[in-house]
Amino acid sequence: MQHFVPLALAGLLAGTMNAVAGGGSFVSFPVMVLVGLPPIAANATSTVALFPGTLASAWAYRDDLRGIAGISLKLLLAISVAGGMIGATLLLITPGGAFDLVIPWLLLLATLTFLGGRHLGDRLRRYVRIGRPAFLIIQFVLSIYGGYFGGAIGLMMMAVWTLIDTSSLSVMAAPRTLLVSAANGSAVLCFAVASVVRWPEMVAMMVSAIAGGYYGARFARHLPPTVLRWFVVALSATVTIVFFLRRY
């Protein structure tokens, strides 16, 4: 109970960030570590706590769901579920010390993705073209990353999708939300079965994260997108630096 307030506040902010620009795990994960959870348990508990919010978003987008570049959404969904389960399994068998060693680099990767912005894929498309087989393989790898850690996974997916699909990012929002939820959902199942989730901390964060997701979406309408994105970049960079200093 002594950690209820920081967990609830972190959930509120993380839910708001996910509703607005993504990057909620940059708040939820370090706060879980701060209150004393081991890194692997912190990552698993954070994923479970934020999952209902992303699932609710996917439901809200249900009328706009579509495939990517003519590829069936059912196929992409199956790939994402399988990848998320593999990623979660890899996390569970990773020694705690090894995960503590790699986590700053995963945070750095996610920060650089945010820094690239939502038009990262447009910049990559000037130099890179991919076909459907390569696209499916990359989607599978990204889903594994989503189950293992998942920072900035939504942006990474859309960056890859723009290499094969010229639809606007707003059109991709619905399938992105569903496939991220699918990868996270299979990871949540693995974490729950493995009994690695700290349920009191999870509940404290989950309730406020749902509220943050709802009110964050309403609040975001009144803020410039550039301000929101740079806030996430600044926060993610700070968290990344702290974890590098903590580990090295």
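Rings of Phe, Tyr and Trp (for Trp, the six-membered ring) count as a pair when their centres lie within 6.5 Å, and the planes make the pair stacked if under 30 degrees apart, edge-to-face if over 60, and tilted for the rest. With that in hand, here's a spot to look at first: ring pairs link Phe29, Tyr145, Phe149 and Phe243 into a cluster.

Before going further, some housekeeping. What you're looking at is a predicted model, where local features need pLDDT of at least 70 and side-chain atom pairs count only at pLDDT 80 or more, while totals for chains, interfaces and linings use all residues. Residues are numbered from 1 along each chain as its sequence is written, and side-chain values use heavy atoms, with hydrogens and water left out.

The protein averages 84, and 90% of its residues reach 70 or more.

On to the overall fold. Helices here are DSSP runs of H or I with at least four residues, strands are runs of E with at least two, and both are numbered from the N terminus. By that count the protein has 11 helices and zero strands, so you can read the pattern along the sequence as α-α-α-α-α-α-α-α-α-α-α. If we call heavy atoms within 4.5 Å a contact, then among contacts with a separation of 6 or more, 83% join residues 24 or more positions apart.

A residue is buried under 20% relative accessible area, exposed over 50%, and partly exposed in between, using a 1.4 Å probe and protein chains only. Of the 248 residues in the protein, 51% are buried. Accessible areas come from the Shrake-Rupley method with a 1.4 Å probe, and for residues only the protein chains shown count as cover. The protein exposes about 11600 Å², and carbon and sulfur atoms supply 70% of that area.

Nine of its 10 residues are buried, including Phe26, Phe29, Pro30 and Met32. After helix 2 comes glycine 36, with a positive phi near 115°.

A pair of aromatic rings is described by the distance of the centres and the angle of the planes. The protein has five aromatic pairs under the rule we opened with.

Phenylalanine 99 is buried at a relative accessible area of 0%, and tyrosine 148 is buried at 14%.

Which residues does leucine 106 contact, leaving aside its neighbours within four places in sequence? Phe99, Tyr145, Tyr148 and Phe149. Leucine 106 is found in helix 5 and is buried, with a relative accessible area of 12%. From leucine 106 to threonine 240 is 134 residues in sequence, yet 8.8 Å in space, C-alpha to C-alpha.

Threonine 177, in helix 9 (residues 169-193), is buried at a relative accessible area of 8%. Setting aside neighbours within four places in sequence, threonine 177 is in contact with Thr54, Ser57, Ala58 and Tyr61. Alanine 134, in helix 7, is partly exposed at 32% relative accessibility. Its C-alpha atom is 10.0 Å from that of isoleucine 164, 30 residues apart along the chain.

Finally, a look at helix 1 (residues 4-20), where phenylalanine 4 has its place. Phenylalanine 4 is partly exposed, with a relative accessible area of 41%.

Definitions and conventions. pLDDT = per-residue confidence, 0-100.
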